[in-house]
Amino acid sequence: MTARILVLPGDGVGPEICREATRVLEALQRDHGLDVELEEDLVGGAAYEATGEPLPAETLEKARGADAVLFGAVGGAQWDELPRELRPESGLLQLRSELGLFANLRPAMLYPQLAHASTLRHEVVAGLDLMIVRELTGGIYFGQPRSTRTDTHGRRQAVNTMLYTEGEIERIARVGFDIARRRNKRLCSVDKANVLEVSQLWRDVVNEVGQEYPDVELSHMYVDNAAMQLVRAPKQFDTIVTGNLFGDILSDIAAMLTGSIGMLPSAALDEAGRGMYEPVHGSAPDIAGQGVVNPLATILSVAMMLRHSLHRQDLAERVEHAVGDALDRGLRTRDIMDDEKQVASTGEMGGAVIDMLQ
Ligand code: NAD
């Protein structure tokens, strides 16, 4: 059956990176039997300019009907003074919540060719390949009650609530186990069960779900230790599953292990495995329109789409290998440049990946 893909380029460098990612999808369609139908629409600041809203109803409707969404990036200084609900970033948050994207997948993978880009020693990060599965729609970012108030002495206080139901924990745990099963079959669940009731429930439910996955080796780690271990010896991890707050912090640590924001893809999945795929970086207005942005994070997001929503593991691997081959050829965009390499434009980098798909 033909899979429907909605492309939402957004703002800043969004159109440039989505153009290259779309060319990759078209090459797979033309030469490798990928059965997809591509459509493009507006989101973010671009949508606000055209319609007065960062997420027009038409875009949301198309996203709901799509099997997968490829998202570029949104935002720019010209929209920063708008009321919060009209800002480009609100369009993205609304899209995530409307589509029920509760599972955020953030791989941190270091291509050996780029080991120099990390601030960590080569031997600590060379060959790094880990996946963080973060719960995205629950926990302390959404828990009620939340408020800022004044006590009887007129002093301010504020409260947020970290709340997880067993259903929420169970479904994210399942995503973690399923992904670990397709990788090296090791899942580390990160919590703070020594201090927090919500983490004790998290640990109990993860253990219960783990009974159904005897082939996956499950371990648990406190979040403070996990942060330390990620910079001390990150290669000990295969797949990590954790809640919203801890995942937010740990995935940024993991991202920086690789040293290069232009290389990092991500996915957000719903319960049916449909998803939205986007680079981790933003709209990079400082380099927009210059043809220098690194398109590889977005192209690697296409690889994640092929694996997780389109069930084409073969093509996902083909794209990932093509990225490695393009780097082997010595091509580098400015953000990943080192001395002896050849500087490539956005289009040249995308073109090299397409050549290497063959
Ligand atoms: P950014 O990620 O856009 O850029 C940070 C720095 O990294 C910039 O110097 C940029 O040039 C560079 N960079 C980022 N991606 C690159 C790539 N692929 N190739 C080469 N260099 C790259 O973050 P920022 O500057 O803090 O934010 C800019 C705008 O993006 C803001 O409006 C922000 O709100 C928005 N933003 C959007 C998203 C999203 O759409 N998911 C995420 C983060 C930030």
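The structure is a predicted model.

**The ligand site**

| Residue | Protein atom | Ligand atom | Distance |
|---|---|---|---|
| Val74 | polar backbone atom | oxygen | 2.9 Å |
| His281 | polar side-chain atom | nitrogen | 3.1 Å |
| Asn294 | polar backbone atom | nitrogen | 3.0 Å |

How much of the ligand does the protein bury? Taken alone, the ligand exposes 810 Å². The protein buries 67% of that area.

**Ser118**

Now move to a loop. Ser118 sits between strand 4 (103-109) and helix 5 (122-125). Is Ser118 buried or exposed? Its relative accessible area is 10%, and buried means under 20%, so Ser118 counts as buried.

Ser118 also has a polar partner. A polar atom of the Ser118 side chain lies 3.0 Å from the backbone nitrogen of Leu120. Leaving aside residues up to four places away in sequence, Ser118 touches Val125, Met256, Leu257, Thr258 and Gly259.

**An aromatic pair**

The structure holds two aromatic pairs. One of them joins Phe177 and Tyr213, and this pair is stacked. The ring centres are 4.7 Å apart, with 15° between the planes. Why does the pair tie together separate parts of the sequence? Phe177 belongs to helix 6 (residues 166-182), while Tyr213 belongs to the loop between helix 7 (197-210) and strand 9 (217-222), so the pair links parts that are 36 residues apart in sequence. Phe177 and Tyr213 are both buried.

**Cys188**

The last stop is a strand. Cys188 is part of strand 8 (residues 186-191). With 6% relative accessibility, Cys188 falls under the 20% limit and therefore counts as buried.

What does Cys188 touch, beyond residues up to four places away in sequence? Its contacts are Ser219, His220, Met221, Phe237, Thr239, Ile240 and Val241. Take His220 from that list. Cys188 and His220 are 32 residues apart in sequence. In space, their C-alpha atoms are 5.4 Å apart.

Definitions and conventions: Residues are numbered from 1 along each chain as its sequence is written. This is a predicted model: local features need pLDDT of at least 70, side-chain atom pairs count only at pLDDT 80 or more; totals for chains, interfaces and linings use all residues. Side-chain values use heavy atoms; hydrogens and water are left out. A polar contact is a pair of N or O atoms within 3.5 Å; within protein, one must be able to donate a hydrogen and the other to accept it, and residues adjacent in sequence count only if both atoms are side-chain atoms. Accessible areas come from the Shrake-Rupley method with a 1.4 Å probe; for residues, only the protein chains shown count as cover. Helices (H or I, at least four residues) and strands (E, at least two) are DSSP runs, numbered from the N terminus. Buried means under 20% relative accessible area, exposed over 50%, partly exposed in between (1.4 Å probe, protein chains only). Contact means heavy atoms within 4.5 Å. Rings of Phe, Tyr and Trp (its six-membered ring) pair if their centres lie within 6.5 Å; planes under 30 degrees apart count as stacked, over 60 as edge-to-face and the rest as tilted.
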